[in-house]
Amino acid sequence: MNPDAESSVLTEIAIDREAALREAERRVRRLPEIAESFKRTDAEALEACLAEAGEVVREHAQPKGLFGARTARHADGALRIGRACVRNPALRKRIATGERVILYMATTGYTNVEVFEAVRRDYVAYHFQHYLSLQLLYAAANLLHGEILRREGADFVRYAILERYARDWQGGSEHERSDGLHLYWDVKSIGELFAEFEPNPLGVKLTEAGGLNPVYSLLGILAPKKSSAGKALV
């Protein structure tokens, strides 16, 4: 299939909303920040903050997913995935020309502005829903990942794509891999990869700075676990 034809093929996935919310609520309590807060703060007050965050997120949550298969090629020192040209040396070493790669996107379905207004611009309340929203995004992405593997086979490993500044903003450790492949890409590469999802049925947009809006969204790649370009990835 030629890149232009292949790039039109996308599959939208309906993510189990209740399952994602339950997982997010479980995960948020395991965060070091929340665990430490329980040690230092009145537990009843903290429970009230978490409950309010849960109500806001539940009111707005519409987790969705999207994926599409692409063929990878090496050209001019870069990795081409469908029509997108990305320059990430670590990833280029792991994916050979002709290999099948799956692009995916997940989102919670609401913007940070919406929830900021929902908590009446209360920064403390917003802080708690921010933690929960991130966990909802990760839970939704996990459910999307499982469904993709069910449909496409289990021989893929995933890598979420972030800009460098997002490491601190989103906590860092959630996005680091033991194999050292951290996909911090430049704005141009992210823009080219995002274009593979246009037109975007999830309603996610790319800002001029190269960020995703809604911010509780992520973009990633499923690469072959064992690539002919190198050793096994896991």
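Which residue takes a positive phi in the hairpin of S2 and S3? The model is a predicted one, in which local features need pLDDT of at least 70 and side-chain atom pairs count only at pLDDT 80 or more, while totals for chains, interfaces and linings use all residues. Residues are numbered from 1 along each chain as its sequence is written, and side-chain values use heavy atoms, with hydrogens and water left out.

In the hairpin of S2 and S3, two residues lie between the strands, and Asp-76 takes a positive phi near 55°. Strand S2 (residues 64-75) and strand S3 (residues 78-81) run antiparallel and are joined by four bridges, with Ala-72 having Ile-81 as its bridge partner in S3. Strands (E, at least two residues) and helices (H or I, at least four) are DSSP runs, numbered from the N terminus, and two strands pair if DSSP finds at least two bridges between them.

Strand S4 (residues 84-86) runs antiparallel to S3 and is joined to S3 by three bridges; here the partner of Ile-81 is Ala-84. The hairpin of S3 and S4 also has two residues between its strands, and Gly-82 in the turn has a positive phi of about 65°.

Helix H2 (residues 17-28) packs with helix H4 (residues 43-60) at an angle of about 155°, the axes being 11 Å apart, where axes are lines fitted to C-alpha atoms over the stretch in contact and angles run from 0 to 180 degrees between N-to-C directions. The contact (heavy atoms within 4.5 Å) is made by Arg-17, Glu-18, Leu-21 and Glu-25 of H2 together with Val-57, Arg-58 and Glu-59 of H4.
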